[in-house]
Amino acid sequence: MVLAVTPVAVGLILWAFLPRRVAQQAAAPPEVLMQEVQALKGEVGRLRDQAQPRVYLVPPTPVEATGALAPAESAATEPQPERTPEQKQKDAAEALEVKFETEPIDAAWSVAMTREIREAVSSAAPESRVLQANCATSLCRIVLGHDAADDQRKLLAQVVAVKPFREGVFYDYDQTPNALKTTLFVIRQGYSFRD
Amino acid sequence: MKIIRSLGAIALASLVVVTTASAEERGYSAALCSSNTTNTFFEDFGINVVNLSPATVFCGAAPIVGADVNRIQAAVYDRNSTGDVCCTMLVLGADGMPISSASRCSTGSSSSVQTLSVVPPVNAAGSVLLSCNVPPATPSGFSRVSVYRVRSSP
């Protein structure tokens, strides 16, 4: 009994959920269907005429059978040599340079801090010349010139405990002979280098 | 669908574990510190200043060379109401030149530990050095550097 009723029930369910449009189309007269087919053919032809000709790129024949890669592919797949600590340090200095250059300027703090730093350097490290000193909002950038390598080496000991430099300083050294320079990035109290 | 979601969750969880595992923190005892004065001694709880003169204590740390040292902390005891324990924390480059510096001091005076902490700028460290000024002993006890730790990422 159940076996006989099941196909009937399934058939009823399918009929109930079958889209009416399909049923109507199936019942449409042949001449209407022919008109629709002709209209579709016309539409396809029009689209073909509008379409741009396709361009096929043929890959070049490999030069060698050893599986040599094109230069671009080779560069993408070869492992890049790991950056040395010195290179990473230069990257860090450049990142701070960008951060400093893109910061807005807190005018009141900037003027006061720049003055304080200039005074601190001339008092604590008189052998060093302040070539540039500017402050933005969270960072100051100070470029110091030195006449001797010793002056550059002892800079830290001279300034590290002085007030404007206590919060945190990043040092970037330029050891070009006769043009010794140290760039100091000084962080403002309450801010972090890593914000 | 459930299986795909579960696999995705497992992959994400693994990523978190890997990311967490890539940073490391190393702890050091002040037994590794040295001083250029004779008024210090080391016992279980740190390196102490024993008389009425202050002392400077130098403590080295060994992060992986080229790693980014992103936090340095020192646990200190300040038992002197007129002087503080002040540590200058340096990240040194491969040539020994400092690439970052910062100074932190304890506040007040108490029998509790105080943590001095610095977050240096992004760097490629050669090593780490702490230089701590420790005030003289008082009837309250010895001021000292106890332990210190360095966190870094490769």
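## Basis

The model is predicted: local features need pLDDT of at least 70, side-chain atom pairs count only at pLDDT 80 or more, and totals for chains, interfaces and linings use all residues. Residues are numbered from 1 along each chain as its sequence is written, while chains are lettered from A and ligands numbered from 1 in the order in which they are written.

Strands are DSSP runs of E, at least two residues, and helices are runs of H or I, at least four, numbered from the N terminus. Two strands pair if DSSP finds at least two bridges between them.

Strand β3 (residues 169-174) of chain A runs antiparallel to β8(B), joined by two bridges. Phe170(A) has Ser100(B) as its bridge partner there. Six bridges link β3(A) to strand β4 (residues 180-187) of chain A, again antiparallel. Asp172(A) is the bridge partner of Thr183(A) in β4(A).

## The chain contact

Chain B gives 20 residues to the contact, and chain A gives 20 residues. Contact means C-beta atoms, placed from the backbone, within 7 Å. Strand β8 (residues 98-105) of chain B supplies six residues, the largest share of the chain B side. That side has twelve nonpolar, eight polar and no charged residues. Here Ala, Val, Leu, Ile, Met, Phe, Trp, Tyr, Cys and Pro count as nonpolar, Asp, Glu, Lys and Arg as charged, and the others, Gly among them, as polar.

Ser103(B) lies in strand β8 of chain B. Ser103(B) counts as buried because it has 23 C-beta neighbours inside 10 Å. The cut-offs are 20 or more other C-beta atoms within 10 Å for buried, 12 or fewer for exposed, and partly exposed in between. Beyond neighbours within four places in sequence, Ser103(B) touches Val160(A), Ala161(A), Arg166(A), Cys86(B), Cys87(B) and Thr88(B).

## Helix α5 of chain A

Gln89(A), Ala92(A), Ala93(A) and Leu96(A) are the buried residues of α5(A). They fall within an arc of 100° seen down the axis, so they line one face of the helix. The arc is that of the directions from the helix axis to the C-beta atoms. These buried residues pack against β3 and β4 of chain A and β8 of chain B. On the other side, Glu94(A), Val98(A), Glu101(A) and Thr102(A) are exposed.

How values were computed:
Two residues are in contact if their C-beta atoms, placed from the backbone, lie within 7 Å.
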